[in-house]
Amino acid sequence: MPAYNSTFPSDPQTDRMVGNLVLLPLNTKFRGPAYQANSDYDIVDECLDLFRANSFFKNFEIKTNSDRLLIYGILYINDCLNHLKQTTSHNEAIKVLTNLALDDFSLPGTSGFPLNSVYSIPTADHNAMELLKSYLQQFRQELASRLIERIYAESQDHPSKFWLAFTRRKFMNKSL
């Protein structure tokens, strides 16, 4: 059985691209270069919906450029869950994931990134690298915010055990 791919169409002719990573529109409240999405469902929701199912897969066939953003989102969710293992309250989780989203991180295609075979190196243009960094930072902030909403949906006192059970799983045997 193959892993679940992104349902967002990707057209290299019309989409904003940095390297081979597509910059899809987001429904976000954070400042950044992402365009506003036209629908209620965006790539962040798709990452959260497909995370648990795709966590069981060690291989992932990339069919569109939006799959690369899905892979990054799933790896980031896994990183967030690993940071939430020791937290208990909702407010503490917000602090931890906000700091994680804003911390310095390696970009796809640069040294230190775990899946450089999947991502092409962004152009040598400094503006393209800054665009990618600010987009991924906005993406990470929105993803962390929505993840907290899902994990603490039942109780503000402790995270859902059904989400934290996936801290032992590594998508594609990689982590950020």
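Visitor: Hi! What should I know about the model before I start?
Guide: It is predicted, so local features need pLDDT of at least 70 and side-chain atom pairs count only at pLDDT 80 or more, while totals for chains, interfaces and linings use all residues. Residues are numbered from 1 along each chain as its sequence is written, and side-chain values use heavy atoms, with hydrogens and water left out.

Visitor: Which pattern does the protein follow along the sequence?
Guide: The order is β-β-α-α-α-α-α. Helices are DSSP runs of H or I with at least four residues, strands are E runs of at least two, and both are numbered from the N terminus.

Visitor: How much of the protein is buried?
Guide: Buried residues, meaning those under 20% relative accessible area with a 1.4 Å probe and protein chains only, make up 51% of the 176 residues.

Visitor: And what does the C-alpha trace span?
Guide: About 45 × 40 × 35 Å along the principal axes.

Visitor: Switching topic: at what angle do helix 1 and helix 4 cross?
Guide: Roughly 50°, with the axes of helix 1 (residues 43-54) and helix 4 (residues 126-151) coming within 10 Å. Axes are lines fitted to C-alpha atoms over the stretch in contact, and angles run from 0 to 180 degrees between N-to-C directions.

Visitor: Which residues in helix 1 and helix 4 meet?
Guide: With contact meaning heavy atoms within 4.5 Å, Ile-43, Val-44, Asp-45, Cys-47, Leu-48 and Asp-49 in helix 1 meet Phe-139, Glu-142, Leu-143, Arg-146, Leu-147 and Arg-150 in helix 4.

Visitor: How many of the contacts with a separation of 6 or more are between residues 24 or more positions apart?
Guide: In this protein, 74% of them.

Notes: Buried means under 20% relative accessible area, exposed over 50%, partly exposed in between (1.4 Å probe, protein chains only).
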